[in-house]
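Morning, everyone. Please bring the model up on your screens, and keep the sequence beside it.

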Amino acid sequence: MNLYQPGILAAPPAAGRHLLFDIAPGSTTDDLKQALTRLAAAADGEGLVIGIGQPLAQALGVTLPGLHAFPAYEADRVTIPDTPHALWCWLRGSDRGTLLHQARQLAHNLAPGFAPALDLEVFRYEDSRDLTGYVDGTENPKDEEAIAVAFAAGQGNGLDGSSIAALQQWVHDLDRFEAMPGEEQDNTFGRRRSDNEEIDDAPENAHVKRTAQESFEPEAFVLRRSMPWSDCGKAGLAFLAFGRDADAFEAQLKRMRGQEDGIVDALFRFTRPITGNYFWCPPMTGGHPNLLALGV
Ligand code: HEM
């Protein structure tokens, strides 16, 4: 029996929803624990993946390994916000109507205790491409390697199989991206859109040069499950990555920001994050999330 939420390891679905919740004003610890018990009973870790944010861990008086504040950053060309929320529910499926009804049911089930803060609909574009047209996820670790990268091990019951999720909503300026010559677009990513081949002599600010997982010391692998979003004329990527802790993601983000060598990732020329969250994703026991570490 696998200890982890299976939806994390599965390929990104055709459609999904990221639902973020805050602690509702006036809620007691009992309200929170009872709502979490109802949530765990409803969650199968596949159609519904759940994660706990730092505000909730603090409210319950527990420390969850690897969970800390999201690394906010502000410099002339780069802003990376930290927008804490208590709880994350990632609905995964194929039918948008079904997901909407599941989202409504979830919000209903979580009250009293939690109040909806954000509801972001996400979708697969062609063969898992970002909206710029570039295939996203090519260099993800696979099979056993993906399990070793994404899930905690050797920490004991209630912790083994847990995972730290990094979630960021990026807003693309697609007009700006489309105005770039094709070669500059390819150089932004360091891969060719036409055949997804890596460009050997891509500039140092190319995204895949900044984030090349084997180039870090120690190597910095993550399991990415990002999906596009669009809403009211705006669009971008809901970046989502899982790790057994946050170290690999943070190493990548630091280099993307140019904090190591002053070279800022070319992605920032057309896109920017407007949210930033870490969530501790509980392991599974008996087909449901195990909330032992929360005292639930
Ligand atoms: C709007 C934001 C982003 C977009 C559109 C984007 C898109 C892409 C694309 C198209 C690739 C190449 C194919 C692949 O291997 O998946 C890629 C690679 C990668 N991205 Fe991103 N990405 C974004 C943000 C991030 C962030 C915030 C991180 C981590 C902090 C990140 C980490 C990586 C990693 C680790 C790789 C693989 C590098 C390698 O080992 O070759 N990306 N991304």
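Housekeeping. This is a predicted model, where local features need pLDDT of at least 70, side-chain atom pairs count only at pLDDT 80 or more, and totals for chains, interfaces and linings use all residues. Residues are numbered from 1 along each chain as its sequence is written, and side-chain values use heavy atoms, with hydrogens and water left out.

Strand β9 covers residues 227–231, and strand β10 covers residues 234–243. Strands here are DSSP runs of E with at least two residues; helices are runs of H or I with at least four, and both are numbered from the N terminus. β9 and β10 pair in the antiparallel sense, over five bridges. Pairing requires that DSSP finds at least two bridges between the strands. Asp231 has Lys234 in β10 as its bridge partner. Two residues sit between the strands, and Cys232 in this hairpin takes a positive phi near 50°.

The peptide bond from Glu217 to Pro218 is cis, with omega near -5°. Is Glu217 buried or exposed? Glu217 is exposed, at a relative accessible area of 78%. Exposed means over 50% relative accessible area, buried under 20%, partly exposed in between, with a 1.4 Å probe and protein chains only.

Glu217 also belongs to a negative surface patch, together with Glu145, Glu214 and Glu219. Patch members have over 30% relative accessible area and no salt bridge, and like charges are joined within 9 Å. A salt bridge would be a side-chain nitrogen of Lys or Arg within 4 Å of a carboxyl oxygen of Asp or Glu. The charge of Glu is placed at CD.

There is another cis bond to look at. The peptide bond from Ala111 to Pro112 is cis, with omega near 0°. Pro112 is in the loop between α4 (96–109) and β6 (114–123).

Now two positive phi values outside glycine. Asp143 has phi of about 50°. Asp143 lies in helix α5, residues 143–150. At 64% relative accessibility, Asp143 counts as exposed. Asn196 has a positive phi near 65°. Where is Asn196? Asn196 lies in the loop between α7 (182–189) and α8. Asn196 is buried, with a relative accessible area of 17%.

Key. Patches are made of residues with over 30% relative accessible area and no salt bridge: like charges are joined within 9 Å, nonpolar side chains (Val, Leu, Ile, Met, Phe, Trp, Tyr) within 5 Å. Accessible areas come from the Shrake-Rupley method with a 1.4 Å probe; for residues, only the protein chains shown count as cover. Lys and Arg count as positive and Asp and Glu as negative; His and the chain ends are not counted.
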